[in-house]
Amino acid sequence: MDEFNRILIVDDERQNIKILTEFLRDDYKIMAAKDGETAITALTKSTLPDLILLDIMMPGINGYEVIKQLKSNERTREIPVIFITALDATDDESLGFEMGAVDYITKPFKPVIVKARLKTHLQLKQKTDLLDRLASFDGLTQIPNRRNFDMVLEKEIGKTLRNGSLLSLLLMDIDHFKKFNDNYGHIEGDACLKKVALALKEVISRPGDFVARYGGEEFAMILPETDLKGAIHIARQAQQSVQRLCIPHATSKVSKYLSISIGVATKLSGKKDNPIELTQKADTALYQAKANGRNCVVS
Ligand code: GH3
Ligand code: MG
Ligand code: MG
Ligand code: MG
């Protein structure tokens, strides 16, 4: 367990904060808030807590209101909340869990038990985070994986259907990568995939832009609200960015350095292309880029 995990204690009784802080401060970094408003304000700061111990009865915004606000905000939704309260009725406890708390401790509390439960929930959260990461990111390049790409493309296409906006998709494939592996070995090949992923990541700058490892030596880029002209511009930048890595590829027939071919497809507003159709269009363009001699962009 990371000894620097941050715990936010929210309680209107100074004494409770004091006791809990004394018990936890050797193992955790403690943040404290004396009421709901202060807690909400603390949660707008850049450093978020890893877990929140939340009192229910407080002047102003009560604990139920605080958790409601936390759960409705994407930034704070996943922070585990443990209620710690004098309300010991079954209905209150049940409501606490319904609202998304991971645990419910009644006062008077036993600090040792609070500490033990807190540790359990932090460990669980760490494992969940790890699972989320493994399920959505590629282990080699550390960029989003195919599963993540499929979900984002579906979501972005949904947006274009709702608000009539544009969307472009780039499919990119390393040229003669089999020859690269044959010549330099798989370890070098893997290192090369990492560098290409990084180079592609550096090309995108807008908040909604998204790059993923689509398959073995294939990458994909989703560019929301980008027309064909804009997408071709980004594709050229991606192509140049990979060339500028200057990774020698002596057996490539295209260039003395590693290169990529790119297929571009744009979903026009009003058109009902689904993810599969759009991907097929980009794939056809990519196939054409390969046929045209590689190290190029085709739309
Ligand atoms: P083209 O220019 O037509 O795309 O030729 P290519 O050789 O790149 O295409 P092909 O599909 O024949 O080969 C892809 C190669 O990518 C073969 C495979 O060994 C390699 N590859 C796929 N995933 C990985 C990986 O994770 N690591 C390494 N080192 N190589 C990989
Ligand atoms: Mg209270
Ligand atoms: Mg390929
Ligand atoms: Mg290839």
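Here is a short walk through a predicted model, one selection at a time.

**Stop 1: the five-stranded sheet.** Start with the open sheet, whose strands pair in parallel and follow the order β2-β1-β3-β4-β5. Which strands stand at the edges? Select residues 29–33 for β2 and 103–106 for β5: each has a single partner strand, so one side of each lacks a neighbour in the sheet. Look along the strands and you can follow the twist, which averages 20 degrees from one strand to the next.

Now pick out β1 (residues 6–10) and β3 (residues 51–54), a parallel pair held over four bridges. Click on Ile 9 and you'll find Leu 53 of β3 standing opposite.

**Stop 2: a buried strand.** Jump to residues 260–267, strand β9. Buried or exposed? Eight of its eight residues are buried, so β9 is largely enclosed by the rest of the structure.

Next, bring in the partners of β9. Strand β6 runs antiparallel to β9, joined by eight bridges, and Leu 170 has Val 264 as its bridge partner. Strand β10 (residues 297–298) pairs with β9 in the parallel sense over two bridges; here Gly 263 stands opposite Val 298.

**Stop 3: around ligand 1.** Select ligand 1 and the 17 residues around it; Phe 177, Lys 178, Gly 189, Gly 216 and Glu 217 come nearest. Which elements supply at least two residues each to this shell? They include β6 (167–174), α7 (177–184) and α8. Colour the shell by class and you get four nonpolar, five polar and eight charged residues.

**Stop 4: two crossing helices.** Finish with α8 (residues 186–203) and α9 (residues 228–243). Their axes come within 9 Å and cross at roughly 145 degrees, and the crossing is right-handed. To see where they meet, show Val 196, Ala 199, Leu 200, Glu 202 and Val 203 from α8, together with Ile 234, Gln 237, Ala 238, Ser 241 and Val 242 from α9. By class, this contact has seven nonpolar, two polar and one charged residues.

Methods
Residues are numbered from 1 along each chain as its sequence is written. Chains are lettered from A and ligands numbered from 1 in the order in which they are written. This is a predicted model: local features need pLDDT of at least 70, side-chain atom pairs count only at pLDDT 80 or more; totals for chains, interfaces and linings use all residues. Axes are lines fitted to C-alpha atoms, for helices over the stretch in contact, and angles run from 0 to 180 degrees between N-to-C directions. A crossing is left-handed if the near helix is turned anticlockwise from the far one by less than a right angle, and right-handed if clockwise. Two residues are in contact if their C-beta atoms, placed from the backbone, lie within 7 Å. Ala, Val, Leu, Ile, Met, Phe, Trp, Tyr, Cys and Pro count as nonpolar, Asp, Glu, Lys and Arg as charged, and the others, Gly among them, as polar. A residue is near a molecule or strand if its C-beta atom, placed from the backbone, lies within 6 Å of it. Two strands pair if DSSP finds at least two bridges between them. A residue is buried if 20 or more other C-beta atoms lie within 10 Å of its own, exposed if 12 or fewer, and partly exposed in between; C-beta atoms are placed from the backbone.
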